[in-house]
Amino acid sequence: MLIGTSKIQMAIFLILIAISAAFFEKRFFPLAMTGLAVLTTISTDMVLIRLRRVEPFLPSAAIVSGLIIGLLSAPTLPWYHIVIVSVMAMAGKNFLRFENKHIFNPAASGLFITGLLFMHSVSWWGVSFQTLQINPVSLLFFLILLSPGYVSMIHLRRYKILISFFMVYILFIGVLQLIQHSFNFKNLLMGTLFDPTTLFFSLVMLPEPMTTPNHHLPQLLFGAAVAMVAIFFRFSLIEALLVGNLLFFRFR
Amino acid sequence: MSNKVVVGIVVAVIVVLAGFFLVYNKPSYSPSPQPQSSTPRPQKSTSPVTVQPSATNEATKEQNVITLTAGGFSPSTLTVKAGTKVSWINKSGSQATVNSIPHPVHTNYQPLNLGSFTDGSTISLTFDKAGTYGYHNHLNPGQTGTIIVQ
């Protein structure tokens, strides 16, 4: 059944996150922009697949990429920015390949390229409000945010990437805090392990199976590398992920 | 229910309970550290700012104030001279933060990780070095701003 596939399950969880974000924002226009992103990624992917003379298949990966783009792109952007991000993502998915395998995370590449073109940064609007707080609604939002972990950590078994990423990320952020004489263990964890943006990134984007290593040691190194690139080169998580994709695409 | 699912649920519950334990005793959450390096020195005030009129630089003080509302930081780009103190006033109606780009690692300029401030309160930072400093509200990363120090 389709619903048993990892990508469809991931899409369902991302839709739940998008709906919860719309409720939190008390406006549903962002959902429309997310829908636009999904429609664009699906249609673009299907066109490019046809151009590449590949037998058509359910564009479940395009659905996931469109949802990620919708959750991360500022809803205040012009609609054509969302369209361009989505088209760029699918172009990268279809044409930036090595030995017929993806190199870069599609959503990340689309967001990065469009950010350069239009000089805007990733908003993370849909995955930044789920701060863990002691009330039922916040807890519910937080659990919804964690739900994609069922797919990436359990179904796809990409937990080594997440573990190595967080270990290195927390360690070096802590070292930076110690150097700055501002170390606070609780703030460290709240800003890393329990930060909603970082959680979404590590549960959804970082372990994307088509652009990450399949074997244990490369997975550990990949997660660690992305964390170190983000911290030492002062890259955004998106940029660090793309660097990690580039460094490790041969290890699949 | 498979063992993997059970393990995953248990891990998730442990993580959430650990989070509650960490959150419980502290009412406010500061997503980034308060740097205490000697230069530049961030200045944080949790009480609303009362501007003390000065005969010479009242207008200048007002020019170096950034207001955060529900619509974002205003002005979104502020140009100041080195050695100038810039203040952020939170009038957004909810808790907010001022953190260095990029989100969420905040590594570009550590002193700009001023952390959270409640609605009605003010935080400040003196910029000693020339450069361009991007920042954002960690709790709403679409709200961004830039300080250009000449």
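Biologist: Which residues lie nearest the centre of the second largest pocket?

Modeller: Bear in mind this is a predicted model. The second largest pocket has a lining of 27 residues, and about 780 Å³ of space lies inside. Elements giving two or more residues to that lining are α5 and α12 of chain A, plus β9 and β10 of chain B. Nearest the centre you'll find A:His120, A:Ser121, A:Val122, A:Glu239 and B:Ile101.

Biologist: Which strands stand at the edges of the five-stranded open sheet in chain B?

Modeller: The sheet runs β4-β10-β9-β6-β7, with mixed pairing. Two of these strands have a single partner each, so one side of each lacks a neighbour in the sheet. Those edge strands are β4 (77-80) and β7 (115-117).

Biologist: Which residue is the bridge partner of B:Ala96 in β7(B)?

Modeller: Strand β6 of chain B, residues 96-100, pairs with β7(B) in the antiparallel sense, over three bridges. In β7(B), the partner of B:Ala96 is B:Phe117.

Biologist: Over in chain A, how far apart are the axes of α2 and α4 where they pack?

Modeller: α2(A) passes α4(A) in a right-handed crossing. The contact includes A:Leu36 and A:Leu48 from α2(A), and A:Ile82 and A:Met90 from α4(A). By class, its residues are twelve nonpolar, five polar and two charged. The helices pack at an angle of about 35°, and their axes are apart by 8 Å.

Notes: Residues numbered from 1 in each chain as written. Chains lettered and ligands numbered in written order. Predicted model: local features only at pLDDT ≥ 70, side-chain atom pairs only at ≥ 80, totals over all residues. Heavy atoms only, no water. Pairing = 2+ DSSP bridges. Helix = DSSP H or I, 4+ residues; strand = E, 2+ residues; numbered from the N terminus. Axes fitted to C-alpha atoms, helices over the stretch in contact; angles between N-to-C directions. Left-handed = near helix turned anticlockwise from the far one by under 90°. Contact = heavy atoms within 4.5 Å. Nonpolar A, V, L, I, M, F, W, Y, C, P; charged D, E, K, R; others polar. 1 Å grid on protein atoms, 1.4 Å probe; cavity = no way out; pocket = protein on both sides within 12 Å on 5 of 7 lines; lining within 4 Å. Points joined across faces, edges and corners; volume = space filled by probe spheres on them.
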